[in-house]
Amino acid sequence: MEESEATTQNKTVDQVCGPNSSVNRTNEATGEVSSQVPNPPEETAARYKRLKLFDKVMQKSLEKFIDHASFNRFASMFRPLYKKNPQRMESIHKQFIEELQRTIQDDISRLIEEGRLELKLNELDQLESAAKKNADPAWRPSGVPEQDFCSFLIPYYQKQENYMRQELKKIQAENAALSQKAQAGRESLAQTELRISTTVDEWKASVTEFERLASSLYPADVFDV
């Protein structure tokens, strides 16, 4: 049983950091093949150390968890069966531990793959590099919750205020354009009404002049019988 545990623990680093590791499979699935952009040896070594450290932490946690599933505790839960056949019970416990370790290792590998651990570590490298290049002191809590809360919210509200002002300017510009179009439409309508009124007046004047000429050419008494 101890040999099986040691073998499982040795396989974990290869599963996480090896060429066929779940992290590499994740990169291939997402199109992020690390070989396309070669990393400096020191970055590759540092990343490998972080993955190895992560694996070591996982293995320590797994060992502590397995310790709670010791044979004595396992046998105490099934004491009648243990008294009847201790060797059989020991074999069952061995199979139980192997299956438990395998299941946990599979879960860890799946979490590494689904969580895209190597990508997150790369992002951490970028954040660390950016922090080193930034000469400004990092933010630290002042000890006064109200001030810390305001220092967090004020930039957010200022950003929202700037956004609302920009949107207001856009709306005002659109309203001004619409107002100009409406004014131009009213002026055009007024000119059209004026032309119509002028045309009607001219037509009335023409009719009046025609009636006057007709009456002067043909006096009314000429047609009297």
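A residue counts as buried when its relative accessible area is under 20%, as exposed when that area is over 50%, and as partly exposed in between. In this predicted model, R102 has a relative accessible area of 42% and is therefore partly exposed. D106, at 36%, is partly exposed as well.

The side chains of R102 and D106 meet in a salt bridge, with an N to O distance of 3.0 Å. Both residues belong to helix α6, which covers residues 86-115, and they sit four residues apart, about one turn of the helix.

Helix α6 also holds R110 and D107, which are three residues apart and so separated by about one helical turn. Their side chains form a salt bridge at 2.5 Å, N to O. R110 is partly exposed because its relative accessible area is 40%, and D107, at 29%, is partly exposed too.

In helix α8 (residues 145-217), R165 and E161 are four residues apart, again about one helical turn. A salt bridge links their side chains at 2.7 Å, N to O. E161 has 36% relative accessibility, so it counts as partly exposed. Salt bridges with shared partners also connect E99, R102 and D106 in one network. The whole structure contains six salt bridges.

The search of the whole structure gives one aromatic pair. Its members are Y156 and Y157, arranged edge-to-face with 5.6 Å centre to centre and 65° between the planes. Y156 is partly exposed at 47% relative accessibility, whereas Y157 is exposed because its relative accessible area is 52%.

On the surface, K52, K56, K60 and K64 gather in a patch of positive charge. Of these, K56 lies in helix α3, residues 41-67.

Note on methods:
Residues numbered from 1 in each chain as written. Predicted model: local features only at pLDDT ≥ 70, side-chain atom pairs only at ≥ 80, totals over all residues. Heavy atoms only, no water. Patch = residues over 30% accessible without salt bridge, like charges linked within 9 Å, V, L, I, M, F, W, Y side chains within 5 Å. Areas by Shrake-Rupley, 256 points an atom, 1.4 Å probe, with all protein chains shown as cover. Salt bridge = Lys/Arg side-chain N within 4 Å of Asp/Glu carboxyl O. Lys, Arg positive; Asp, Glu negative; His and termini not counted. Charge placed at Lys NZ, Arg CZ, Asp CG, Glu CD. Helix = DSSP H or I, 4+ residues; strand = E, 2+ residues; numbered from the N terminus. Phe/Tyr/Trp six-rings, centres within 6.5 Å; stacked < 30°, edge-to-face > 60°. Buried < 20%, exposed > 50% of the residue type's maximum accessible area, 1.4 Å probe, protein only.
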